[in-house]
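Subject: Handover of a structure

Hello,

Please find the structure below, with the sequence alongside. The notes after it say what was found.

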Amino acid sequence: MSVPKSRILDLMKVQCRIFSSTFNPERLRTGNKVLRERLKGPSVAAYYPRRVATFKDLKNLYPDLETWDDDEEDRLEHLAFLKQRGKGAPKKKSTARRKITVLLRRSKRG
């Protein structure tokens, strides 16, 4: 004696309603387990200290103030050295669209 499938599905529906779980008779992957978890964003954000002002921020706030950023100077020096050896970044690709915009700008000026 076997029980009809519709009866089993009705029983599963009632069971899910009682235990407040998701009714998923096809057993598809819904991601429900992940969605029920507590959000991690606020705790991760609270773990790291607040960002302190950087040289770049100071330079943007006070452009007339002379600041010296050793890391930035080292980076620029390294790039100049690479460019001198021929190992620098390649030139940007000149596309037809760019040529048209350059020509339009020139025609507006003159």
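**A charged end**

Lys108 is exposed, with a relative accessible area of 74%; exposed means over 50%, buried under 20% and partly exposed in between, with a 1.4 Å probe and protein chains only. This is a predicted model, in which local features need pLDDT of at least 70 and side-chain atom pairs count only at pLDDT 80 or more, while totals for chains, interfaces and linings use all residues. Residues are numbered from 1 along each chain as its sequence is written, and side-chain values use heavy atoms, with hydrogens and water left out.

Lys108 sits in helix α6, residues 96-109. Helices (H or I, at least four residues) and strands (E, at least two) are DSSP runs, numbered from the N terminus. Together with Lys92, Arg98, Arg105, Arg106 and Arg109, Lys108 belongs to a patch of positive charge on the surface. A patch is made of residues with over 30% relative accessible area and no salt bridge, with like charges joined within 9 Å and nonpolar side chains (Val, Leu, Ile, Met, Phe, Trp, Tyr) within 5 Å. Lys and Arg count as positive and Asp and Glu as negative, while His and the chain ends are not counted. Each charge is placed at NZ of Lys, CZ of Arg, CG of Asp or CD of Glu.

**Overall form**

The protein has six helices and zero strands, and from the N terminus its elements read α-α-α-α-α-α. Its radius of gyration is 32 Å, well over the 13 Å that the globule rule gives for 110 residues, so the protein is more spread out than a compact globule. That radius is taken over C-alpha atoms, and the rule is 2.2 Å times the number of residues to the power 0.38. The C-alpha trace spans about 90 × 45 × 35 Å along its principal axes.

Of the 110 residues, 3% count as buried. The protein exposes about 11,900 Å², and carbon and sulfur atoms supply 57% of that. These areas come from the Shrake-Rupley method with a 1.4 Å probe, and for residues only the protein chains shown count as cover.

One pair shows the distances involved. Glu66 and Ile18 are 48 residues apart in sequence, and their C-alpha atoms are 69 Å apart in space. Glu66 lies in the loop between α4 and α5 and is exposed, at 80% relative accessible area.

**Charges and salt bridges**

The protein carries 28 positive and 13 negative charges, and the mean positions of the two sets are 16 Å apart. A patch of negative charge on the surface is formed by Asp70, Asp71, Glu73, Asp74 and Glu77. Of these, Glu73 lies in helix α5 and is partly exposed, at 31% relative accessibility.

How many salt bridges are there? The count is two, where a salt bridge is a side-chain nitrogen of Lys or Arg within 4 Å of a carboxyl oxygen of Asp or Glu.

- Asp57 pairs with Arg51, and their closest N and O atoms are 2.5 Å apart. Asp57 is partly exposed at 26% relative accessibility, whereas Arg51 is exposed at 65%.
- Glu72 pairs with Arg75, and their closest N and O atoms are 2.9 Å apart. The two are three residues apart in helix α5 (residues 70-85), and so about one helical turn separates them. Glu72 is partly exposed at 29% relative accessibility, and Arg75 is partly exposed at 43%.

**A nonpolar patch**

Phe55, Leu58, Leu61, Tyr62 and Leu65 make a nonpolar surface patch of about 490 Å². Phe55 is in helix α4, residues 55-61, and counts as partly exposed at 41% relative accessibility.

**Backbone in the loop between α1 and α2**

Most residues other than glycine have a negative phi. Which residue in the loop between α1 (5-18) and α2 (32-36) is worth a look here? Ser20 is found in that loop. Ser20 has a positive phi of about 45°, although it is not a glycine, and it is exposed at 68% relative accessibility. Arg27 lies in the loop between α1 and α2 too. Phi of Arg27 is near 55°, again a positive value in a residue other than glycine, and Arg27 is exposed, with a relative accessible area of 73%.

Regards
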